[in-house]
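Walk through this structure from the overall picture down to single residues. Keep the model in view as you read.

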Amino acid sequence: MENESSMQTITVITSNRLGENMGWLGIDDTDHLGGGCTTHTLWQLLNDLDDSVAFTNLRLVRLWPFAKQRTRGNAAVAIELITDDENTLIEHLDKWWNEKIKPLRGDLTKSQFSDREQYPTDPGMVWFSKQPEENFYWDVVRQEVAIEEIPNPKKIWGGHGVIGAAAAVSWRAKTSTFEAISWRINHSIMKSTTRKIDLELLTEVDGDPDTFMSRDPRSDNVLIAPRGNCPVLFGIRARTMESAKRNCELLINSPNTEDIEGYMVFETNQATDDHLGEDRTSTVIKTTVMARGTVKIETEKGILMAFSESGDIKNLAQWLIIGDVINYNGLTHFDGSIHLERLKIVTAIPSKSRPICAKCNVNMKSMGKGQSVRCPKCRNISKEVWIEKTRVPPFSKWVQPPMDSRRHLSKPLDWD
């Protein structure tokens with residue numbers, strides 16, 4: 001198959017290379033809604049390296065989801081390269097940048113499904129002789145960062161993409177998952193043909209306890225393949241490198257899956273919750289159900305938004321009333337509201353209703369502020385002003401959006 005011969009062109013690191021010079025390469029922002037893929041760009045670059053250069057620490061890093069100039073996947077890539085001649089390697093990277101990546105600048109595709117402003121690609125590439133401090137990664141995964149704030153690399157190419165490129169290099173991968181990404185052969189991309197993947201085998205992939213987000217059990221939607229006209233055929237996400245690789249090869253070796261150009265397994269920060277801070281607690285002041293069931297929750301600590309696509313979060317939010325105490329977490333939007341990514345009821349205040357007249361079987365009514373209640377028919381008076389009833393929430397534990405509406409960075413609740 002095409003993938004077997006292509007994979008042989010990449011030099012795999014061996015133990016006797018570890019004494020040589022090592023440095024970090026980062027790339028970002030080569031994709032847009034209509035095409036391109038930063039992982040594929042790195043794949044092509046690695047195939048063009050001299051045989052004397054090896055690599056390790058291949059990673060894909062998702063960044064702050066609200067970043068203003070993010071493109072399609074909001075992911076950057078990085079890799080540690082091993083060479084005995086750093087200057088010659090940088091010269092090669094410089095030539096490759098000018099011939100292959102720089103021409104990608106300015107690509108733009110409008111979205112018919114989102115009203116988010118789209119920005120043209122502005123690729124960036126960085127080379128660090130030594131891995132920069134980790135704090136830059138945490139800044140970029142949790143907030144907006146300006147290009148002037150990036151660490152000082154030995155060599156820098158391009159524009160806005162250098163932010164994500166430097167963040168990917170800075171990541172220490174203390175908590176991580178893996179994704180095996182395969183790429184289509186060129187004529188399939190150019191023809192924009194429908195992806196051909198063995199979906200029967202996907203059931204086996206989805207049944208592996210180490211894989212995740214392969215198929216949404218609620219809607220049965222396939223989650224491994226993108227819908228747009230980009231080079232990616234599919235990506236298998238897993239908690240171990242071995243599982244990602246094994247299940248990727250299971251699919252690509254099937255005669256019912258189209259030939260591929262190649263694949264690589266990336267270590268990723270997906271499903272780590274790195275973008276979130278600590279869980280918070282507050283009391284509900286008011287809830288408003290908006291279009292399509294979206295709920296605006298006003299609390300003592302600010303406004304929370306449970307969008308219609310958030311599934312059980314939306315359902316729980318619609319059940320809340322004034323006085324309920326909740327735990328929550330999510331991202332703070334530019335308008336100051338928090339877009340919920342998980343929600344839990346802590347204390348549900350009981351519901352209150354007026355007592356029912358035993359004779360007339362109707363609700364009694366108040367006689368005035370601070371007074372008793374009486375039946376509007378027989379005028380019987382009750383000393384009991386309110387009847388309290390325990391409210392049972394639809395969910396007693398944490399809830400989060402369904403898989404097909406969940407952020408790449410969000411950790412599944414059943415992993416805790």
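**From the whole chain to single residues**

Of the 416 residues of the protein chain, 48% count as buried. The model is a predicted one. Its protein chain has nine helices and 18 strands. Take the contacts between residues at least 6 apart in sequence: 71% of them join residues at least 24 apart.

Helix α5 spans residues 162–170, and nine of its nine residues are buried. The buried set runs V162, I163, G164, A165, A166, A167, A168, V169 and S170. What do these residues pack against? Their partners are the strands β1 (21–28), β2 (54–62), β3 (75–83), β4 (124–128) and β5 (155–158), together with helix α4 (135–142).

Now follow the chain out of α5. A173 lies in the loop between α5 and β6 (177–184). Its backbone deserves a look. Most residues other than glycine have a negative phi. Phi of A173, however, is positive, near 55°. A173 has a relative accessible area of 15%, under the 20% cut-off, so A173 is buried.

N57 is not a glycine, yet it has a positive phi of about 55°. N57 sits in strand β2, one of the elements that the buried residues of α5 pack against. Is N57 buried, partly exposed or exposed? N57 has a relative accessible area of 30%, so it counts as partly exposed.

Next, go to strand β8, residues 260–268, where T268 is found. T268 counts as buried because its relative accessibility is 0%. Which residues does T268 contact, leaving aside its neighbours within four places in sequence? They are L60, W171, T175, S176, T177, F178 and E179. L60 falls in β2 (54–62). T177, F178 and E179 fall in β6 (177–184). The side chain of T268 also reaches the backbone nitrogen of Q270, at 3.0 Å.

Turn to a pair of helices. Two packed helices are described by the angle between their axes and the distance between the axes. Helix α7 covers residues 199–207 and helix α8 covers residues 241–252. Their axes come within 10 Å and cross at roughly 170°. An angle over 145° counts as roughly antiparallel, so α7 is roughly antiparallel to α8. On the α7 side, the contact is made by L201, L202, E204 and V205. On the α8 side, N247, L250 and L251 take part. By class, the contact has five nonpolar, one polar and one charged residues.

The cysteines come next. The structure holds zero disulfides. C357 is in no disulfide, and the nearest cysteine sulfur, that of C378, is 3.7 Å away. C357 has a relative accessible area of 2%, so it is buried. C375 is in no disulfide either; its nearest cysteine sulfur, that of C357, is 3.7 Å away. C375 is buried too, with a relative accessible area of 0%.

C357 and C378 are 21 residues apart along the chain, and their C-alpha atoms are separated by 8.7 Å.

Finish with D404. D404 lies in the segment after β18 (387–389). With a relative accessible area of 30%, D404 is partly exposed. Which residues does D404 touch, not counting those up to four places away in sequence? D404 touches D216, R218, S219, N221 and L223. With S219 there is a polar contact: the two side chains are joined at 3.4 Å. D404 can also be placed relative to E309. These two are 95 residues apart in sequence and 9.1 Å apart in space, C-alpha to C-alpha.

Technical notes. Residues are numbered from 1 along each chain as its sequence is written. This is a predicted model: local features need pLDDT of at least 70, side-chain atom pairs count only at pLDDT 80 or more; totals for chains, interfaces and linings use all residues. Side-chain values use heavy atoms; hydrogens and water are left out. Helices (H or I, at least four residues) and strands (E, at least two) are DSSP runs, numbered from the N terminus. Buried means under 20% relative accessible area, exposed over 50%, partly exposed in between (1.4 Å probe, protein chains only). A polar contact is a pair of N or O atoms within 3.5 Å; within protein, one must be able to donate a hydrogen and the other to accept it, and residues adjacent in sequence count only if both atoms are side-chain atoms. Contact means heavy atoms within 4.5 Å. Axes are lines fitted to C-alpha atoms, for helices over the stretch in contact, and angles run from 0 to 180 degrees between N-to-C directions. Angles under 35 degrees count as roughly parallel, over 145 as roughly antiparallel, 65 to 115 as roughly perpendicular and the rest as oblique. Ala, Val, Leu, Ile, Met, Phe, Trp, Tyr, Cys and Pro count as nonpolar, Asp, Glu, Lys and Arg as charged, and the others, Gly among them, as polar. A disulfide is a pair of cysteine sulfur atoms within 2.5 Å.
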